[in-house]
Amino acid sequence: SLYVPVRISKTDLIHMVNQAVKNLKMDNSNQPKDGYTWSMAITKPLNVDLEGHQILSTIPLDVSVKKDLGITSLRAAGELEVTLRTLFHIREDWTVQTYTTLEKHRWLRKPVARVAGLNLPIGALTDWVID
């Protein structure tokens, strides 16, 4: 048997994660699905908490969606904060296995859809879709 103490401070973990995702942007512009394109960008530093073999991450995201409707297009945008719970396990071969679930979400800026010059609030609809 060999005892290898592994210590990661919360401050170091938060810094490491924020450096890794700094300026991270995700989108499907190369592969739109059903005519929808979307993009997400992290807007502020993440918050990370450690609880035993779990990591709770709170991630603020700027989200936008576009759908071409032929003569016009539908655009929607909002700012969302999601909290993810990641369980991790270090296997005997030192590989790490993770499982992440969405714990909760809240709108920092309620989503609004813009179509044909009209602004329509869609917070309730998007909450239903996320749930």
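**Close-up views of a predicted model**

**View 1. Ile8 in the segment that precedes helix α1.** In this predicted model, Ile8 is placed in the segment before α1, the helix of residues 10-21. Its relative accessibility is 54%; because exposure is assigned over 50%, Ile8 counts as exposed.

**View 2. A nonpolar surface patch that includes Ile8.** Leu2, Val4, Val6 and Ile8 contribute to a nonpolar surface patch together with Ile90, Trp94 and Val96. The area of this patch is about 780 Å².

**View 3. Helix α1 and its span.** The helix comprises 12 residues. From the first C-alpha to the last, α1 reaches 17 Å, which is close to the 16 Å expected at 1.5 Å a residue.

**View 4. Buried and exposed residues of α1.** Leu13, Asn18 and Val21 are buried in α1. These three residues lie on the same side of α1, because they cover an arc of only 125° around the axis. The other side of the helix carries the exposed residues Thr11, His15, Met16 and Ala20.

**View 5. The antiparallel pairing of strands β6 and β7.** Strand β6 spans residues 96-115 and strand β7 spans residues 118-121. The two strands pair in the antiparallel sense, with 4 bridges between them. One of the residue pairs shown joins Arg114 to its bridge partner in β7, Asn119.

**View 6. The turn of the β6-β7 hairpin.** Strands β6 and β7 form a hairpin in which 2 residues stand between them. Within the turn, Ala116 has a positive phi of about 50°.

Key: Residues are numbered from 1 along each chain as its sequence is written. This is a predicted model: local features need pLDDT of at least 70, side-chain atom pairs count only at pLDDT 80 or more; totals for chains, interfaces and linings use all residues. Side-chain values use heavy atoms; hydrogens and water are left out. Two strands pair if DSSP finds at least two bridges between them. Patches are made of residues with over 30% relative accessible area and no salt bridge: like charges are joined within 9 Å, nonpolar side chains (Val, Leu, Ile, Met, Phe, Trp, Tyr) within 5 Å. Accessible areas come from the Shrake-Rupley method with a 1.4 Å probe; for residues, only the protein chains shown count as cover. A salt bridge is a side-chain nitrogen of Lys or Arg within 4 Å of a carboxyl oxygen of Asp or Glu. Buried means under 20% relative accessible area, exposed over 50%, partly exposed in between (1.4 Å probe, protein chains only). The expected span of a helix is 1.5 Å times one less than its number of residues. The arc is that of the directions from the helix axis to the C-beta atoms.
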